[in-house]
Amino acid sequence: MNIPTFPDPNSRKNAIAENTWKWEKRIADLYSRMTLEEKIGQMNMSWFPAFKNEEESYRRVQQGEIGAIILSDTPWPGNGDTSGVDVDYYNRLQQTAVKKSRLGIPLLFGRDIIHGHRTIAPIPLAQAASFDPTVAEAAAELSAQEATADGVKWTFAPMLDICRDPRWGRVIEPFGEDPYLASQMAVAAVHGYQGDDPAAPDRMLACAKHFAGYGYAEGGRDYDAVEISRFTLQNTVLRPFLAAVKEGKAASIMTAFHVNGGVPASADEYLLKDTLRGVWNFDGMVVSDFGSVDEIETHGAAPDARDAARRAVGAGVDMEMCDLLYPKYLAELYREGKIDDAVLERAVKAVLRGKFRAGLFENPYIDTERRHQVMFTAENRATVRRLAASGMVLARNRNHLLPLDPKRPVKIALMGPMAHEKRSLLGAWNGSGKTAETLSIAEAFRQYPSQASLLMTDSQLADDQLALVRRADIVICCVGESQERTGESHALAKLQLPAGQEELIEAVGEWGKPLIVVCCSGRPLPMTSAERYADAILYAWHGGTETAAAIADVIFGLREPTGRFPLTVPRHAGQIPLYYGRKIPGKVTKPFLAERNYSFYDDEPLTPLYPFGYGLSYTEFQLSSARLKSTSIRRGESNEIAVTCSNIGKRSGTVVIQCYLRDPRAAYARPGKELIGFRKVRLQAGENTVVTFSIDEAAMGYYDENGQRLLDPGLFQVGVGLDSTTSLCLEFQVC
Ligand code: BGC
């Protein structure tokens with residue numbers, strides 16, 4: 001048996017937690033010597049398109065006008081062409097900052113290293129599907145290792161937006177719908193980027209974003225407004241951020257583009273002042289999202305751009321990302337007394353602290369040799385191959401069609417629009433990943449050592465592809481969506497495969513051959529024809545550089561698809577938002593009113609296509625003998641639930657055991673079910689193990705609107721199962 005252990009973050013040594021005192025004197029000394037313009041310069045992030053030419057960039061850095069530079073050519077670099085990286089130029093810029101600017105404060109280079117820099121890991125949604133925080137940690141660690149070799153000391157990740165709407169294109173970037181799962185992943189990802197000390201040559205500063213609520217965009221439309229109550233903020237949306245800040249020691253936070261209840265995120269004092277800095281004592285950097293300060297005016301929440309800048313600084317945005325309003329207006333706002341000394345001091349010191357934490361005062365330059373050693377190594381490729389498989393979700397496997405035996409000389413028709421695709425497999429934020437170095441699924445199958453003969457055609461015509469089916473013993477139809485349909489500024493009104501793919505699956509399915517549908521997408525897409533015709537359905541996501549090789553590994557059984565849906569899969573877009581942790585409504589759920597025919601929808605059941613937490617293994621598991629340690633505990637005490645898990649199938653396999661809780665007698669209506677623990681366990685055929693989950697204050701308690709912790713005495717219901725449909729069949733009292 002093998003239970004991956006995720007280190008207790010509190011047991012880690014952490015330079016950010018330990019070294020604050022060491023830098024504060026130097027920060028105070030520097031601050032005391034800075035002019036107003038130099039202070040504002042530190043609060044300004046620029047980008048290369050802002051410079052007319054290289055000379056201008058040196059001049060402005062020398063004058064102390066720029067605190068940080070984002071390595072991007074477009075505001076959404078992941079969807080544009082890969083930005084070129086020029087480490088010699090960055091070193092020249094850094095030399096200018098360190099040697100020629102008056103105070104020698106180094107520049108901080110940032111970039112969106114979301115799921116890989118040169119070796120691309122699976123999209124974070126797929127990482128979340130692994131239900132294994134070590135996956136998020138490993139992806140972040142190898143990203144940091146490669147990105148720092150190109151001089152990037154600050155990533156704008158992890159994205160911790162809770163998202164319950166797969167129409168939103170950015171659903172690829174955070175860790176799904178559940179605050180507990182997202183919090184576990186958040187801490188792991190931050191640690192992957194920062195390590196125990198972000199100053200280490202192969203570590204970097206993390207930035208938890210987007211603070212907060214951006215993932216609740218109305219209608220799944222990117223940038224749209226949200227309406228999130230403080231109760232929901234505290235208990236759902238903020239939880240991964242709290243974990244990232246408190247346990248993960250994330251060095252920075254990014255605001256967001258949206259408006260919540262009339263308040264633009266970059267001017268949100270409740271979030272930035274009261275919560276982040278007030279209650280959580282965060283002393284790191286807060287950076288605005290690209291253009292979001294300027295958009296305070298666009299939203300109509302400031303009379304002009306100057307006032308937008310005033311609101312952002314006042315709320316606690318320390319550094320502005322490329323809007324250029326801080327350099328334009330902060331000096332005059334300060335001189336007019338519209339920005340307090342204390343606010344300016346806190347902001348500038350936060351930026352300096354970030355630079356000390358990144359080790360830039362000691363090691364400002366890029367070691368241009370290291371990049372030749374660490375990029376796209378065989379080891380990194382092997383790692384992302386493993387990570388890709390671990391997040392793949394096997395949604396159906398009739399008659400154990402999968403895995404295929406590589407020794408069987410069967411004829412496999414490998415077809416569909418994804419069979420020859422490369423770029424999309426990398427996912428939207430491809431960093432410096434190269435399409436030319438990415439295998440297509442067809443190439444990966446050709447290279448795979450199997451006795452199967454492959455029937456393939458380069459033709460894009462459906463009739464040519466269908467001609468293969470007739471001759472095949474087994475059909476693998478590779479469908480999905482382009483990375484261009486995912487990521488920032490991409491959303492769907494219709495949650496379905498792109499045009500023509502449903503028809504293709506149907507046409508294949510009509511031949512009645514054993515059919516495996518592999519879906520490479522950035523979101524869980526309901527596939528009507530696959531539901532009707534497929535014998536096996538594998539959601540392989542945009543899994544990065546090694547997606548195709550990992551698909552071959554999984555199909556031929558070298559690896560298992562150990563993923564579980566981190567997001568409820570609706571049947572129709574009309575059911576959205578559909579998530580397992582909904583509050584329990586009245587009427588419809590009262591058994592004695594059943595005959596009155598109350599229903600959620602008249603034309604469709606409310607059940608999802610696949611629930612959160614669902615996914616199959618290549619073997620079968622059974623849970624039995626769930627038992628509580630105690631049926632009554634006192635406040636302050638913990639309870640424990642234990643369950644026996646047995647592999648009742650014929651092969652070894654991995655299962656994700658999940659523990660859910662409900663507090664049905666609370667002062668507030670709490671979710672109908674909440675994930676409070678999960679374990680990924682590998683068992684040999686016939687093997688059993690007992691798994692326990694602790695039910696402590698962290699699991700039972702919750703927050704009121706002001707962030708105060710509550711724990712209501714009375715009944716609690718709990719259950720352990722293999723997905724979120726688990727019944728909460730055990731009860732205990734808290735007295
Ligand atoms: C995105 C951020 C990203 C920033 C910089 C914005 O458009 O919302 O997530 O970090 O661009 O590329």
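In which loop does Pro-403 lie? In the predicted model, Pro-403 is placed in the loop that runs between strand S11 (393-397) and strand S12 (411-415). Pro-577 belongs to the loop between helix H23 (547-555) and strand S17 (621-628). A further backbone feature concerns Leu-324, a residue other than glycine whose phi is positive, near 70°. Leu-324 is located in the loop between strand S10 (320-321) and helix H14 (325-335).

Confidence was examined along the chain. The protein chain has a mean pLDDT of 94, and 95% of its residues reach 70 or more. Residues 75-82 have pLDDT below 50, and in the model this stretch makes 25 contacts beyond near neighbours in sequence. For residues 1-10, pLDDT likewise stays under 50. The model has 24 contacts beyond four places in sequence for residues 1-10.

For Asp-112, a polar side-chain atom is 2.4 Å from a ligand oxygen atom. In the side chain of Lys-209, an N or O atom lies 2.7 Å from an oxygen atom of the ligand. A distance of 2.7 Å is also found between an N or O atom in the side chain of His-210 and an oxygen atom of the ligand. The ligand taken alone exposes 310 Å², of which the protein buries 100%.

Among the elements of secondary structure, five strands make up an open sheet with mixed pairing, in the order S18-S26-S25-S20-S21. Strands of a sheet pair through backbone hydrogen bonds, in either a parallel or an antiparallel manner. Within this sheet, strand S20 (residues 653-662) and strand S25 (residues 714-721) run antiparallel and are joined by five bridges. Arg-662 has Gln-717 of S25 as its bridge partner.

Methods: Residues are numbered from 1 along each chain as its sequence is written. This is a predicted model: local features need pLDDT of at least 70, side-chain atom pairs count only at pLDDT 80 or more; totals for chains, interfaces and linings use all residues. Side-chain values use heavy atoms; hydrogens and water are left out. A polar contact is a pair of N or O atoms within 3.5 Å; within protein, one must be able to donate a hydrogen and the other to accept it, and residues adjacent in sequence count only if both atoms are side-chain atoms. Accessible areas come from the Shrake-Rupley method with a 1.4 Å probe; for residues, only the protein chains shown count as cover. pLDDT is the predictor's confidence in each residue, from 0 to 100. Contact means heavy atoms within 4.5 Å. Two strands pair if DSSP finds at least two bridges between them. Helices (H or I, at least four residues) and strands (E, at least two) are DSSP runs, numbered from the N terminus.
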